[in-house]
Amino acid sequence: MAAYLFRRLAQAALILLGVSFITFFLLYALPADPVRQIAGRSATAETVENIRRQLGLDQPFVVQYWRYLSGLVQGDLGRSYLQKSEVSELIAARLPATLLLMAGAILCELVVGLTMGIIAALRRGTATDNALMITSFVGVSAPQFVVGLLLLYVFAVKLGWFPIGGYGTFAHLVLPSITLGILGSGWYSRMMRSSMIEVLRQDYIRTARAKGLSRRRVILRHALPNAILPIIAMIGIDIGIFMGGIVVVESVFGWPGIGQLAWQAIQRVDIPIIMGVTLVSACAIVLGNLLADIVTPFIDPRIRVR
Amino acid sequence: MKRLLATTALIATFALPALAQDYTHDPNARAGGGIVVTYKDDVATLDPAIGYDWQNWSMIKSLFDGLMDYVPGTTELRPGLAESYEISEDGMTFTFRLRPGVKFHNGREMTAEDVKYSLDRVTNPATQSPGAGFFGSIAGYDAMSDGSATSLGGVEVVDPLTVRITLSRPDATFLHVMALNFASVVAREAVEAAGDDFGKQPVGTGAFKLAEWTLGQRLVFEKNADYWRAGVPYLDTVTFEVGQEPIVALLRLQNGEVDVPGDGIPPAKFVEVMGDPEQAARVVEGGQLHTGYITLNVNTPPLDNVNVRKAINMAINKERITQIINGRAVAATQPLPPSMPGYTEGYEGYPFDPEGAKALLAEAGLADGFDTELYVMNTDPNPRIAQAIQQDLATIGIRASIQSLAQANVIEAGGAGNAPMIWSGGMAWIADFPDPSNFYGPILGCAGAVEGGWNWSKYCNEALDAMAVEADGITDPAMSGARMAKWSDVYMGVMEDAPWVPVFNEQRYTMKSPRMGGDDALYVDPVSIPVNYDYVYVTE
């Protein structure tokens with residue numbers, strides 16, 4: 001296990017290095033000059049050059065990248081060009097909000113997705129099954145921007161059940177979690193449905209039924225724990241999918257997370273922030289996958305890590 | 001209080017003939033309460049030497065003061081931290097007398113040393129101030145700029161309450177420069193203590209002080225009880241909630257949770273809001289010193305032919321473009337907006353005349369038109385405006401392909417001179433101060449027509465540049481009329497060469513909640529956007 005973990009962590013470090021290189025290179029090659037944005041319209045050529053020198057942007061790519069990496073290993077993510085703050089500080093201020101939203105969204109996905117999947121599997125081939133699968137398809141394909149605004153309009157503006165955007169209480173969390181969760185729940189319901197159908201065909205289910213157990217007990221005690229295994233790996237991968245959705249949902253609901261920070265930075269080509277957020281997202285994805293791989297064998301002893 | 005005001009008004013009238021009457025307090029104003037203002041983007045910085053966007057501009061105005069200031073709701077100068085000033089005969093030396101007893105938010109009294117320190121700081125290249133160039137006329141600026149000096153030679157502390165500033169060339173706009181945020185007076189010890197984070201821990205002499213800043217969520221400004229201007233501010237707190245989509249902000253305003261949406265009414269909701277009399281009544285409309293334009297790169301064939309540029313000017317249907325933004329603008333005839341001094345009254349600009357345009361093109365040997373590119377920023381409504389321009393050009397045979405890019409990429413292409421045509425929307429010029437010179441240098445003058453400069457037409461007419469320098473050399477207030485006439489000539493000269501198509505001058509629309517009080521002018525204040533926080537109040 002220790003060797004496995006070490007190997008995976010080394011792989012993770014390599015992946016992060018690759019991500020940092022590609023992102024840094026793309027931002028370097030981008031036909032946009034952050035110095036001109038910092039310097040503003042009234043700056044003289046001298047001022048522009050002076051700022052470029054101070055930020056080290058006059059150096060060749062390799063030197064710039066090396067500087068960034070050496071800062072990175074010391075925990076220095078750099079300083080935002082336009083917000084004039086440490087990137088680590090900006091991210092740290094916003095990370096708790098994003099983690100909270102992710103947790104809420106995953107919970108929502110699991111509850112909605114699994115329930116739909118289980119019901120569809122048990123009513124396989126009926127109108128209920130079809131209706132649930134169509135719903136999940138719509139959920140997966142609906143643009144989050146539209147879903148978010150629709151939920152806001154109905155539940156916050158018209159019904160007044162929830163606050164209109166913002167952050168702070170449980171009530172604030174509900175609508176953004178649902179918006180983000182609806183996207184993923186479709187995948188979960190489809191996955192859960194096929195996994196459940198697969199399990200229901202197994203011999204041990206037939207045995208359990210033959211022993212005279214109630215339908216409820218067969219499903220909850222024997223079918224569900226086995227059917228849910230593939231879902232656990234999905235949660236890990238899901239974190240990666242979330243990063244895209246979070247940018248949109250956080251913007252619509254005014255949720256002060258890193259998705260919003262990234263969006264603002266991208267619009268203004270604030271390279272240190274874009275780099276920082278990309279690396280944090282990459283870490284989240286790598287960690288999510290790693291966790292999924294480590295946790296699965298504990299739940300299903302048939303799977304062993306090597 | 002009234003007496004104090006009367007005295008100030010008298011000083012303003014006699015000692016400072018260029019200045020207008022000061023603001024008279026609103027008799028209905030009541031002190032207390034707080035308002036909520038929303039923004040989509042986080043606040044970048046509150047450091048007056050660095051902050052240069054419309055969001056932090058007015059926030060900084062409320063936290064800091066400079067030697068000069070504007071009468072609320074107008075573009076007229078009034079003294080700020082300077083109680084009075086004298087200008088030497090040759091217009092090259094300004095002596096400012098500071099108000100005694102003005103205190104920084106940290107309790108220390110402000111002195112002439114602070115004024116000098118603040119000007120040294122903003123012009124020091126290490127500060128990376130986007131506004132350093134505005135101080136170019138102060139003696140010793142060049143030595144600061146190239147790093148050979150650490151203090152401006154032209155700024156001299158005469159005594160604790162007197163500062164003398166000597167210029168290296170006559171500059172008629174100098175008092176406006178001293179009213180810019182970049183000239184705000186900061187407390188040295190606070191800057192040194194905060195280091196790079198002064199923008200997050202600002203200490204000034206302004207009407208409000210920063211009480212809370214939760215990154216990505218909110219900023220709270222709290223009334224400065226020791227503010228040197230008697231009677232203001234009225235509000236106890238101003239809370240800025242950031243990270244709110246404009247459309248959500250509008251919903252919250254309608255729900256009574258927000259008082260002023262800082263980003264304005266979202267374009268998609270504008271017609272709906274203005275169509276509802278109850279909501280429309282709470283929208284204040286005002287002019288702003290803004291011009292949206294198309295740049296025509298004078299170095300790119302066939303745009304290097306003046307007749308082709310004139311033809312393009314005649315092909316654009318400006319009225320139809322203003323319709324795309326729901327009529328929130330007036331068609332422009334020249335680079336200057338109508339409310340700017342120096343605007344040429346009665347000049348009609350190039351007429352909308354596609355047939356005439358075709359004839360001009362034919363005369364230039366381009367009867368079949370030509371292919372070109374139009375760059376545009378990719379945020380709504382700019383791509384839609386670019387399409388309208390594309391259609392207008394197509395009617396005279398010019399086939400323009402649209403390059404819709406992020407703001408930074410358009411700026412890069414414009415600066416490098418790669419873009420034949422750019423629609424300026426989203427990056428259009430809004431004056432830093434109400435003087436015609438501010439519309440020329442970086443965007444139409446030779447200085448901006450360099451690699452990386454903001455003069456995207458790459459237009460450089462040395463005769464006009466010389467006239468511009470002459471105009472700014474007229475420092476005698478009595479000659480202000482002659483100066484404006486000269487500026488008017490400069491812009492008419494520009495129109496003759498047609499490096500731009502001036503398209504429209506945007507109007508400003510500020511929406512407020514029913515509880516907001518104060519003169520309408522405060523809601524379309526030319527220098528405090530969206531509102532002048534120091535003078536608005538709540539009625540409940």
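**Two chains and the contacts within and between them**

The elements of chain A that give two or more residues to the side of domain 1 that touches domain 2 are α1 (2-29), α2 (34-39) and α4 (61-73). α1(A) supplies the largest share of that side, 5 residues. Sorted by class, the side of domain 1 of chain A that touches domain 2 of chain A holds 8 nonpolar and 3 polar residues, and no charged residues. The model that shows this contact is a predicted one.

In the domain assignment, domain 1 of chain A covers residues 19-73 and domain 2 of chain A covers residues 95-299. Taken over C-alpha atoms, the centres of these two domains of chain A are separated by 38 Å. In the contact, 11 residues of domain 1 of chain A meet 9 residues of domain 2 of chain A. The size of an interface is often given as the accessible area lost when the parts come together. For domain 1 and domain 2 of chain A, the buried area is about 880 Å², and carbon and sulfur atoms give 83% of it.

What kind of secondary structure does chain A have? Chain A comes to 13 helices and 0 strands. Its pattern along the sequence is accordingly written as α-α-α-α-α-α-α-α-α-α-α-α-α. The C-alpha trace of chain A spans about 85 × 55 × 30 Å along its principal axes.

UniProt, in an unreviewed entry, marks parts of chain A by name. The annotation "domain: ABC transmembrane type-1" covers residues 95-296 of chain A. Over residues 95-296, chain A is 85% helix and 0% strand, with its end C-alpha atoms 27 Å apart. The unreviewed entry also lists residues 12-30, 99-122, 134-155, 167-188, 227-253 and 273-299 of chain A under "transmembrane region". Two of these spans can be followed individually. Residues 99-122 of chain A are 100% helix and 0% strand, and 34 Å lie between the end C-alpha atoms. Residues 167-188 of chain A are 86% helix and 0% strand, and here the end C-alpha atoms lie 27 Å apart.

The next step is from chain A to its partner, chain B. The contact between the chains takes 41 residues from chain A and 45 residues from chain B. Together the two chains bury about 3,900 Å², with 49% of that area on carbon and sulfur atoms. How many salt bridges does the rule find across the interface of chain B and chain A? The rule finds 4 salt bridges there. In one salt bridge, the side chains of A:Arg36 and B:Glu412 meet at 3.1 Å, N to O. Between chain B and chain A, 14 residue pairs are in polar contact, both residues being at pLDDT 80 or more. On the side of chain B that touches chain A, the elements giving two or more residues are α7 (246-254), α14 (407-416) and β18 (429-430) of chain B. Of these, α14(B) gives the most to that side, with 5 residues. By class, the side of chain B that touches chain A divides into 19 nonpolar, 13 polar and 13 charged residues.

Chain B is itself divided into three parts: domain 1 (30-64 + 206-287 + 508-540), domain 2 (66-197) and domain 3 (290-506). The C-alpha centres of domain 2 of chain B and domain 3 of chain B lie 34 Å apart. Their contact takes 12 residues from domain 2 of chain B and 11 residues from domain 3 of chain B. The area buried between domain 2 and domain 3 of chain B is about 870 Å², and carbon and sulfur atoms give 73% of this area. Which three residues supply more than any other three of the area that domain 2 of chain B buries against domain 3 of chain B? They are B:Ala172, B:Thr173 and B:His176, which supply 44% of that area.

Across the interface of domain 2 and domain 3 of chain B the rule finds 0 salt bridges. For polar contacts, the rule finds 1 residue pair between domain 2 of chain B and domain 3 of chain B, with both residues at pLDDT 80 or more. The side of domain 2 of chain B that touches domain 3 of chain B divides into 6 nonpolar, 4 polar and 2 charged residues.

Methods: Residues are numbered from 1 along each chain as its sequence is written. Chains are lettered from A and ligands numbered from 1 in the order in which they are written. This is a predicted model: local features need pLDDT of at least 70, side-chain atom pairs count only at pLDDT 80 or more; totals for chains, interfaces and linings use all residues. Side-chain values use heavy atoms; hydrogens and water are left out. UniProt positions are given in the numbering used here, feature names are shortened, and annotations may be inferred rather than shown by experiment. Helices (H or I, at least four residues) and strands (E, at least two) are DSSP runs, numbered from the N terminus. Domain bounds come from an automatic or database domain assignment. Contact means heavy atoms within 4.5 Å. Buried area is the accessible area (1.4 Å probe) that two parts lose on being put together, summed over both. Ala, Val, Leu, Ile, Met, Phe, Trp, Tyr, Cys and Pro count as nonpolar, Asp, Glu, Lys and Arg as charged, and the others, Gly among them, as polar. A polar contact is a pair of N or O atoms within 3.5 Å; within protein, one must be able to donate a hydrogen and the other to accept it, and residues adjacent in sequence count only if both atoms are side-chain atoms.
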